[in-house]
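Q: Please go through this model with me, term by term. I want each label set against its cut-off.

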Amino acid sequence: MSVLSKAHHVNVGGNIQIDSSQHVHHAQEKSIDGWKMLLKNIASNAFYDSGARFDPPKCDEDTRVEVISEIMDWIGDRDSPKRLLCMTGAAGAGKSALQQTIAERCADSGILGCAIFFSSQDPTRNNLSRIVPTIGFQLGRHDPRLRDYIKEAVEEDPLIFTRTIRTQMDTLVVRPFKQLQANAGFDGDKFPYAVLIDGLDECAGEERQAELLSTIKHCLLDNDVPFRIFIASRPEWAIRSALNAETEGYLYPLAYHIQLSDKYDAADDIRRYLWWRLQGIGRRSHDPQARSQSWPTVEDIEKLVLAASGQFVYAATVVKYVSERRSSPVNRLQTVVDWTPEKGQLARPFEALDVLYARILSSAKESYEAVDTNQGRNFLLLIRAHHINSDGRVGGRRWGAHDFDEILNLERNGHEVLVSDLHSLVVFHQVPNYSAIIKMHFYHRSFSEFLDSETRSKNLFITETQAKAYVSEGLVQVINQVSLEPSSTRAAFGTLSGENPVVALALYSNSGKALSDHQILALANNDGWRKIDQMLSKTGHFAPYHIELPAMLFFIMQRLKVRPSPCNELEEPGLADVLRPYYNNWRNRVKTYVATYVASSEVLLNRLPPEEPEEGVTEEGEEPHQ
């Protein structure tokens, strides 16, 4: 018998330990918990019952009965050779509501293996970086042995989360599940097998969407695993080409395809939905007409069904608008009905929806700008500015609604006042995983697309350039209003950190290139360089986008030095000389930070403008550095 046979965790030197089972472990390996590492890489907001998706769209009772029955029958038919179901449909056709309903029914039946809901507006679930760990986590919860196999896979390769999703799927899902199947006591018929993926088109990048479909094909469909996979998506390029019969798409022979808009007439379901929801609003209303059994009328409902053109998003938008508590639902429904084009005018499926969007937006504009304290403010520019900010379109930065209100020189909670008559279309709510940050959220992406399209929004359209210029003008005014008294900067911006207005100005003005001569002179003549320096001095850290700060100051300095031309009326070398030491100071600070803390710093450092000599100005006739 070994002298160590009854010893536990004996340290024999170095990093090796021996336990009573005679297994040798490395101490470093023992410190890794694969399941905990997996948890750090999942997208919990993507679960069908996630709190981040509170009150998700789902099918009302007695609606979409036929398509729900077909999907559930397909999921339940485990002998069917086609283990992939793809449901495609236009925006607003009700795909997510169907997927949510199917997820809940599968969960109630004990057959839901996992469900993933992509969202373009949530950075934790608009890409592929977390999808495989999220699938592995949900599957692992159904069997402790599978969980242990996944845990061991992570411990063997702690860098697995940096691999391709095909490698991740093979390592974290397929191999562990095959290990589970090899267990003598494993009953595959009892393991939850439904795998649901909603909103493939919400995943950023067509190539990435195609990568996920290819991974599902090679890892799940080409292997002997029992999962039945249901994917819902707009008919975008990735899924459309994979299912194309004419070009023999690689998923065509393997998938059961439901084309929602073509195969199912949603008119009856939309009709039932409108009756049930509007009658419920009427019963809760203080308006006697709304409580009458004769409201809404059959004629009104039929007009709305015709205008919806099979798009549930239209019906849902109508219901949200009519349910506004501050006015009579009868009057609001009549307004909607009056806006609806007559039969024969629906050449484009979203034309009626665009009319609804335009009228709601116009009405909100008039109401907002009619308030005396809001006079002089441009409602459409403010909405568009919040829209662009919420999408992170400017330098990848997203300011919370409260901070952005201050950047726009609005009062506290000004964003809520701004959308008080748009609650049927947009809402401000907490960013998932960041409860202190509030941002604009669209009930449906089609309204965001409406704001982006001049063809659709027509006279209500605001370009991104106009919105950025509007924000920049406000920021110049904000900076000029700063007092140079000690410790005053923070007080001047409430919740904003001192650097925010300067960072925002650098990003929104395209590193100063979009600033007008008037704005540059306004900063220069109001001690703007010293104010900017004071505001920046309050920041204790930097980020890669801070490289725009010296870029902005350099461009302004060159504009001040260059000879006047048709596009540049400035010639203020004295003001440029005053700016030079501030520019060199912030250039050096940003350079030091980037070189010390930023990976791949060479790329950023190459973008830094040159250091300015302390004496002399640009030679006569020399063009400014771009």
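**Labels and their grounds**

A: Leucine 98 lies in helix α4 (residues 95-109). Helices (H or I, at least four residues) and strands (E, at least two) are DSSP runs, numbered from the N terminus. The model is predicted, so local features need pLDDT of at least 70 and side-chain atom pairs count only at pLDDT 80 or more, while totals for chains, interfaces and linings use all residues. Residues are numbered from 1 along each chain as its sequence is written, and side-chain values use heavy atoms, with hydrogens and water left out.

Q: Why is leucine 98 called buried?
A: Buried means under 20% relative accessible area, exposed over 50%, partly exposed in between (1.4 Å probe, protein chains only). Leucine 98 has 0% relative accessibility, so it counts as buried.

Q: What is leucine 98 in contact with, leaving aside its neighbours within four places in sequence?
A: Contact means heavy atoms within 4.5 Å. Leucine 98 has such contacts with Cys59, Arg64, Val67, Ile68, Met87 and Leu260. Its C-alpha atom is also 6.1 Å from that of lysine 58, 40 residues apart along the chain.

Q: Why does serine 453 count as buried?
A: Its relative accessibility is 19%, so serine 453 counts as buried. The residue sits in the loop between α20 (445-452) and α21 (454-457). Leaving aside neighbours within four places in sequence, serine 453 is in contact with Lys458 and Phe461.

Q: What lies 3.4 Å from a polar atom of the side chain of serine 453?
A: The backbone nitrogen of threonine 455 does. A polar contact is a pair of N or O atoms within 3.5 Å; within protein, one must be able to donate a hydrogen and the other to accept it, and residues adjacent in sequence count only if both atoms are side-chain atoms.

Q: How do you know that the span of α8 is close to the expected one?
A: The expected span is 1.5 Å times one less than the number of residues. Helix α8 (residues 206-221) has 16 residues, for an expected 22 Å. From first C-alpha to last, α8 reaches 21 Å. Its buried residues include Leu212, Leu213, Ile216 and Leu220. Their cover includes β4 (84-88), α5 (131-140), β6 (194-198) and β7 (228-233).

Q: What makes β6 mostly covered?
A: Five of its five residues are buried.

Q: Which strands are joined to β6 by bridges?
A: Two strands pair if DSSP finds at least two bridges between them. Five bridges join β5 (residues 112-117) to β6, running parallel. Cysteine 114 has valine 195 as its bridge partner in β6. Five bridges also join β6 to β7, again parallel. Here alanine 194 has arginine 228 as its partner in β7.

Q: Which residues touch the most other members of the largest nonpolar core?
A: A nonpolar core is a set of buried Ala, Val, Leu, Ile, Met, Phe, Trp, Tyr and Cys residues joined through side-chain atoms within 4.5 Å. The largest has 97 residues, and Leu274 and Leu422 touch the most other members. Apart from that core lies another, of 54 residues, among them Cys114, Leu128, Phe177 and Ile197.
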